[in-house]
Amino acid sequence: MEQIANGIWKLVLGEPEDKTPVSFQTVPMKKESLKNLPLRNVEPFICSKIDFQITQRGTAVTLPMETEEDIYGFGLQLKSMNHAGRKRKIRVNSDPPGDTGESHAPAPFYISSSGYGLFADTFRYADFYMGTNSAKGASANKTEVNQKHEEFSESALYSLKRIKETRTIRIDIPHVKGITLYIFAGDLLETVQRYNLFSGGGCLPPLWGLGVWYRAYGGSDQEKILEIANELRNENIPVDVLGLEPGWQSHSYSCTYSWSSLFPNPDVMISQLKNTGYKVNCWEHAFVYPAAEIYEELLPLSGDYEVWNGLVPDFSMEQTRKVFGSYHERELIEKGIMGFKLDECDNSDYNPSNWSFPDGTCFPSGMDGEQMHNGIGFLYQAMILELFQKRNLRTLSQTRSSGALSAPLPFVLYSDLYNHKEFIRGMVTSGFSGMLWSPEVRSCENPRDLLRRVETVVFSAQALLNCWRIPSPPWKQVDVEKNLNGEKMEGSEFYTEVCVRYLNLRMSLLPYLYSAFVLYQREGIPPVRAVVLDYPLDSRAAVLDDQYLFGEGLMVCPLTLEDETSRKVYLPEGKWYDFFSGEIFEGGMEYQRKADYDQIPVFVKAGSLIPLAEPVECVKADTVFKIHVRTYGTSAASFTLYEGDFLTFTDEPDRNYVIIRSDENGSLSWKRNGKGSIRYEFQEGGII
Ligand code: GAL
């Protein structure tokens with residue numbers, strides 16, 4: 001057991017594999033930032049209770065768990081939040097058959113309410129048995145008989161008994177003769193912070209990345225893309241990022257990464273889009289079609305199975321990253337493409353097309369398909385990040401799979417799955433493991449569903465409208481077929497007004513959200529996170545998976561179509577204000593909140609200052625935000641806004657910032673630090 005940083009211990013058991021997430025970590029641990037956390041030089045109690053054995057199946061690690069413990073983490077989890085009493089399989093799977101722990105982005109990392117976090121450094125399909133089992137002999141002294149059954153039901157029989165009882169956590173890592181564990185000390189939020197800082201700190205996107213994303217119709221040609229882009233501008237729809245979908249490539253399943261004949265002048269199109277404030281993001285996946293320019297070079301650098309007739313590059317190899325990366329640099333990034341959407345990098349065993357490679361695939365680096373399923377998203381993201389780091393340009397992109405150590409990688413997770421409540425849960429659970437998740441807006445059951453989904457996505461890490469199937473925006477027509485036929489839906493004016501109102505509210509929140517990401521980068525605090533992280537002793541927060549904290553002062557409680565126009569909200573101890581009306585609420589209790597289809601319950605913690613910018617249609621290099629500051633509560637408060645170019649890696653926010661203060665009377669002052677460009681103009685009073 002070796003202490004490697006403040007509050008972090010490393011434990012090497014047996015002989016671990018050499019190809020693990022830590023072995024490919026490109027962003028170094030933030031040791032300096034870790035020093036700012038509470039000093040923890042005493043090993044967490046759990047360290048002395050870890051045992052392991054090497055079996056013919058692999059390595060088994062065991063450690064005790066009290067049945068009263070709450071367990072969170074394991075990456076993006078759409079089906080549940082508290083994993084005590086569950087088995088979690090860490091296996092990338094785009095459509096898990098049930099609540100197995102599999103997801104687009106599972107991670108072998110968890111935190112326990114007993115005061116520690118644990119990361120197992122592996123790409124393997126590790127199984128975490130979280131108190132589901134007890135070793136032989138543990139029950140030998142049980143003698144009670146003829147007990148009265150409380151109730152005859154599966155839930156009574158199979159649920160974890162939250163009684164005072166010690167169970168065993170077992171971590172099974174197949175095919176390995178050892179494992180390296182990292183133990184993080186502290187309470188729930190602190191262990192998440194330490195893990196994120198160990199991973200390299202949270203990503204700080206360019207400010208434009210936090211604006212509105214609009215992925216355009218996949219059947220578009222160059223002309224249609226420009227038509228969509230102009231229409232959005234003409235109709236004053238705020239959009240920063242225009243996403244191109246598979247049709248931009250000459251062949252996309254698998255990929256050539258070169259422009260289709262439908263895009264005769266891509267450079268002209270990109271510069272026209274840039275001139276109207278758009279950043280262009282290109283869809284792709286990692287499978288290389290034989291007609292791709294880089295196919296021959298990648299042949300020896302790929303696995304021994306194809307996907308969609310394409311090679312699966314072994315991104316664990318420097319040479320592979322060089323071939324794939326230099327092509328992307330030369331042909332796309334240097335031409336103005338500002339980011340990518342890595343699709344189908346996850347895995348599905350049971351789709352008819354079986355579009356992924358077998359677990360037994362052999363890669364030239366010696367990795368196998370099991371490891372590559374859990375690693376390909378992570379490895380690709382690290383490669384793309386390095387391409388932009390070289391150009392001193394920050395990006396924000398999309399990926400459909402990720403895993404361990406993902407905090408510094410500027411990618412947001414998305415999915416083809418679409419259950420709205422699971423999408424909301426994804427925002428709560430991704431924050432435990434250094435991941436960002438977008439509950440993207442795609443098709444909608446009806447216009448009311450559209451409003452509920454736009455309200456949710458606006459209060460997420462990425463305000464993503466994925467219109468890849470429809471030529472017109474969903475507020476014109478939510479029905480895909482009718483949209484394809486150019487039909488406008490009844491009441492479209494109203495739905496357009498509401499959607500644009502929320503998209504503009506997103507633009508108003510950009511400076512506030514950017515500050516949350518600075519805390520993510522510097523202190524490892526997730527910008528979107530579970531309530532329990534800030535209220536670890538609140539038993540109701542421990543199971544709250546349908547509302548979440550958004551930045552430093554906001555609590556968001558989205559409704560889904562099933563909720564109709566009312567939902568229960570829980571406000572932890574303290575005083576809260578309705579963000580829109582200013583109505584005051586005593587915390588520590590639940591409320592039934594009414595919310596019409598154009599409303600979403602958002603609450604502000606008393607003592608918060610919320611800076612709101614007058615919305616702009618997109619973030620430009622010279623954008624100066626007109627800031628109105630809302631004060632909530634009578635106590636003195638402060639908020640730090642960060643300035644800079646919002647674009648480069650050299651624009652470190654700790655040089656240029658503005659501290660806003662309000663005193664007991666609510667009068668505001670602001671003090672600017674730094675020599676950088678001024679990006680905020682404070683408006684006297686006035687509440688927008
Ligand atoms: C899916 C992806 C969608 C869209 C589509 C294009 O796999 O999740 O967002 O990009 O491919 O073919």
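**A tryptophan pair, and onward**

Reply: At a relative accessibility of 22%, Trp308 counts as partly exposed, a term for values between the buried range (under 20% relative accessible area) and the exposed range (over 50%), with a 1.4 Å probe and protein chains only. The model is predicted, with local features needing pLDDT of at least 70 and side-chain atom pairs counting only at pLDDT 80 or more, while totals for chains, interfaces and linings use all residues. Residues are numbered from 1 along each chain as its sequence is written, and side-chain values use heavy atoms, leaving out hydrogens and water.

Me: How many aromatic pairs does a search of the whole structure find?
Reply: The search finds 44 aromatic pairs, where rings of Phe, Tyr and Trp (its six-membered ring) pair if their centres lie within 6.5 Å, and planes under 30 degrees apart count as stacked, over 60 as edge-to-face and the rest as tilted. One of these, Tyr182 with Phe198, is tilted, at 4.7 Å centre to centre with 40 degrees between the planes.

Me: Where in the chain are Tyr182 and Phe198?
Reply: Tyr182 is in strand β11 (residues 177-185) and Phe198 in helix α3 (residues 188-199), 16 residues apart; strands (E, at least two residues) and helices (H or I, at least four) are DSSP runs, numbered from the N terminus. Tyr182 is buried, at 4% relative accessible area, and Phe198 is buried at 4% too.

Me: And what sort of pair do Trp308 and Trp355 form?
Reply: Trp308 and Trp355 are stacked, with 5.8 Å from centre to centre and 10 degrees between the planes. They link distant parts of the chain, 47 residues apart, and Trp355 is buried, with a relative accessible area of 6%.

Me: Switching topic, is Thr395 buried or exposed?
Reply: Thr395 is buried, with a relative accessible area of 2%, and it is found in the loop between α8 (369-390) and β16 (397-399).

Me: What does the side chain of Thr395 reach at 2.7 Å?
Reply: It reaches the backbone oxygen of Met338. The Thr395 side chain also makes a polar contact with the side chain of Ser397, at 3.5 Å; a polar contact is a pair of N or O atoms within 3.5 Å, and within protein one must be able to donate a hydrogen and the other to accept it, while residues adjacent in sequence count only if both atoms are side-chain atoms.
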